[in-house]
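Please keep the sequence and the structure in view while reading.

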Amino acid sequence: MNTLSYKTISLNKEAAQKEKEWVVIDATDQVVGRLCSKVAKLLRGKYKPSFTPHMDCGDNVIIINAQKVIFTGNKETDKLYTRYTGYPGGQRFNTPAELRKKKDGVERIVRHAVKGMLPKGPLGRSLLKNLYVYEGTEHPHEAQKPKAIDINLYK
């Protein structure tokens with residue numbers, strides 16, 4: 001048996017950059033958590049055969065129609081997002097229904113969900129920069145020639 005044929009191959013930075021693609025996902029009528037778990041896997045590169053755990057080998061993901069994402073059950077009114085201003089007594093709470101009314105509120109909902117599903121630390125922060133969320137159908141990334149994918153086909 002040739003043991004050299006079983007070596008694990010890791011990508012280097014240059015090879016990982018060549019394999020990066022731009023993808024567009026339509027978030028119309030998608031459940032937030034299920035959509036974001038698939039987006040996190042795309043950002044991480046887990047759907048690729050050349051996945052390397054310590055590298056940014058995932059795709060750049062553009063989410064359009066983020067305004068039309070849905071929550072199951074009563075989460076729209078019962079779920080609480082907590083943030084802290086940094087001052088004493090500065091803890092603030094928002095529900096998804098309240099955040100939808102604010103500017104960039106839906107983007108904050110989606111980013112918060114995806115961020116929790118990425119690795120913590122410098123790798124996770126760099127992966128989150130590859131996510132672009134837009135409330136409507138228009139996005140300024142046409143020059144990158146993104147390909148539209150159906151997120152329901154991914155597991």
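Lys147 is partly exposed, with a relative accessible area of 43%; partly exposed denotes the range between buried (under 20% relative accessible area) and exposed (over 50%), computed with a 1.4 Å probe and protein chains only. The side chain of Lys147 forms a salt bridge with that of Glu21, at 3.5 Å from N to O; a salt bridge is a side-chain nitrogen of Lys or Arg within 4 Å of a carboxyl oxygen of Asp or Glu. The model is predicted: local features need pLDDT of at least 70, side-chain atom pairs count only at pLDDT 80 or more, and totals for chains, interfaces and linings use all residues. Residues are numbered from 1 along each chain as its sequence is written, and side-chain values use heavy atoms, with hydrogens and water left out.

**Salt bridges**

- Side chains of opposite charge can pair when their charged atoms come close.
- By the rule stated above, the count comes to six salt bridges.
- Glu21 is partly exposed, its relative accessible area being 35%.
- Arg100 and Glu76 meet through their side chains in a salt bridge of 2.7 Å, N to O.
- Because Arg100 lies in helix α4 (residues 96–101) and Glu76 in helix α3 (residues 75–78), this pair ties together parts that are 24 residues apart in sequence.
- Arg100 is buried, at a relative accessible area of 17%, whereas Glu76 counts as partly exposed at 22%.
- A salt bridge of 3.1 Å, N to O, joins the side chains of Arg111 and Glu107.
- Both Arg111 and Glu107 belong to helix α5 and are four residues apart, about one turn of the helix.
- Arg111 counts as partly exposed at 24% relative accessibility, and Glu107 likewise counts as partly exposed at 22%.

**A buried lysine without a salt bridge**

- Lys38 is located in helix α2 (residues 32–44).
- Although buried, Lys38 has no salt bridge; Asp150, the nearest side chain of opposite charge, is 8.0 Å away.
- Neighbours within four places in sequence aside, Lys38 is in contact (heavy atoms within 4.5 Å) with Tyr47, Ile151, Asn152 and Tyr154.

**Positive surface patch**

- Arg83, Arg92, Lys102 and Arg108 gather in a patch of positive charge on the surface.
- Such a patch is made of residues with over 30% relative accessible area and no salt bridge, like charges being joined within 9 Å.
- Arg108 lies in helix α5 (residues 105–116) and counts as partly exposed, at 39% relative accessibility.

**Whole chain**

- The protein chain has six helices and six strands, in the order α-β-α-β-α-β-β-α-α-α-β-β from the N terminus; helices (H or I, at least four residues) and strands (E, at least two) are DSSP runs.
- Its C-alpha atoms fill a box of roughly 65 × 35 × 30 Å along the principal axes.
- Of the 155 residues of the protein chain, 39% count as buried.
- Among contacts in the protein chain with a separation of 6 or more, 67% come from residues 24 or more positions apart.

Key: Patch = residues over 30% accessible without salt bridge, like charges linked within 9 Å, V, L, I, M, F, W, Y side chains within 5 Å. Areas by Shrake-Rupley, 256 points an atom, 1.4 Å probe, with all protein chains shown as cover. Lys, Arg positive; Asp, Glu negative; His and termini not counted. Charge placed at Lys NZ, Arg CZ, Asp CG, Glu CD.
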